[in-house]
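Please read the following report alongside the sequence and the model.

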Amino acid sequence: MAVRQILKMGDPELYQSCEPVQEFNTSVLTGIIEDMFDTMAEHNGVGLAAPQIGIQKRIVIFGLESNPRYPDAETVPETILINPVITPVGDLQEEGWEGCLSIPGMRGLVSRYSKIKYSGLSPAGKNIAREVEGFHARVVQHECDHLDGILYPLRIRDMRNFGYEEALSQSDTDEPEI
Ligand code: NI
């Protein structure tokens, strides 16, 4: 187990499309996931994708229990999702502020599908399938974007809605980094 360095925006490794995981229930996979959780916890994040620690595999983790630092955030169950697939439910999108551990100290306003279905596999290769909305749906869309080399600023429609946390109003920046 180890806290790994998080790659920052500008690093070419963050702009690649990642490979699917082929082998499950392996010590290599367990080690990657442990490092991801250690790294995410060290930085108080609520989501992390494998390419953020330089591993080009389709693995994301996320989860948010009630946290005094983010009293208004909706809780999201702790999840390890491998080879994820997202399907929007309906056309409705909503804008929300996002931060990212690869872009520390900044926030941007991003439009995401309000409601999605997602599926994928656990580290043991078991199926996971959920239908979610709100912050949970936003976190999953943000993390899965990382697997295709997309960082949230690429989705900001008006770059005036992108800035340093300390310069934005408090209400815009009370979401955790994902
Ligand atoms: Ni991120």
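Helices and strands are here taken as DSSP runs, numbered from the N terminus, with helices being H or I runs of at least four residues and strands being E runs of at least two. The model is a predicted one, in which local features need pLDDT of at least 70 and side-chain atom pairs count only at pLDDT 80 or more, while totals for chains, interfaces and linings use all residues. Residues are numbered from 1 along each chain as its sequence is written, and side-chain values use heavy atoms, with hydrogens and water left out.

**The sheet**

Strands are said to pair if DSSP finds at least two bridges between them. On that basis 5 strands form an open sheet in the order β1-β2-β3-β6-β7, with antiparallel pairing. Because β1 (47-49) and β7 (127-133) stand at the edges and each has a single partner strand, one side of each is left without a neighbour in the sheet. Neighbouring strands of this sheet are turned by 35 degrees against each other on average, direction ignored; such angles run from 0 to 180 degrees between N-to-C directions, and the axes are lines fitted to C-alpha atoms, for helices over the stretch in contact.

Strand β3 (residues 76-88) is joined to the antiparallel strand β6 (residues 115-121) by 5 bridges, and Pro88 has Ile116 of β6 as its bridge partner. On to the next pair, β6 and β7 are linked in the antiparallel sense by 7 bridges, with Tyr118 bridged to Arg130 of β7. These two strands form a hairpin with 5 residues between them, and in its turn Gly125 has a positive phi of about 90 degrees.

**Helices on the sheet**

Helix α1 (residues 27-42) lies across β1, β2 (59-64) and β3, and runs at about 40 degrees to β2. Helix α2 (residues 134-147) lies across β1, β2, β3, β6 and β7, running at about 155 degrees to β2.

**Leu92**

Leu92 is found in the loop between β3 and β4 (93-100). With a relative accessible area of 61%, Leu92 is exposed, where buried means under 20%, exposed over 50% and partly exposed in between (1.4 Å probe, protein chains only). If residues up to four places away in sequence are not counted, Leu92 touches Arg112, Tyr113 and Ser114, contact meaning heavy atoms within 4.5 Å. Leu92 and Ser111 are 19 residues apart in sequence, and their C-alpha atoms are 9.8 Å apart in space.

**Pockets**

On a 1 Å grid over the protein atoms alone, a pocket is an open set of points where a 1.4 Å probe fits, with protein on both sides within 12 Å along at least five of seven lines, and lining residues have an atom within 4 Å of a point. A volume is the space filled by probe spheres set on the points.

| Pocket | Volume |
|---|---|
| Largest | about 280 Å³ |

The largest pocket is lined by 15 residues, of which Arg112, Tyr113, Gln141, Asp145 and Arg155 are the closest to its centre. Strand β3 gives the most to this lining, with 4 residues, and the lining of the largest pocket divides into 6 nonpolar, 3 polar and 6 charged residues.

The second largest pocket is lined by 12 residues, and those closest to its centre are Met40, Gly45, Val46, Gly63 and Leu64. Helix α1 gives the most to the lining of the second largest pocket, with 3 residues.

Ala, Val, Leu, Ile, Met, Phe, Trp, Tyr, Cys and Pro count here as nonpolar, Asp, Glu, Lys and Arg as charged, and the others, Gly among them, as polar.
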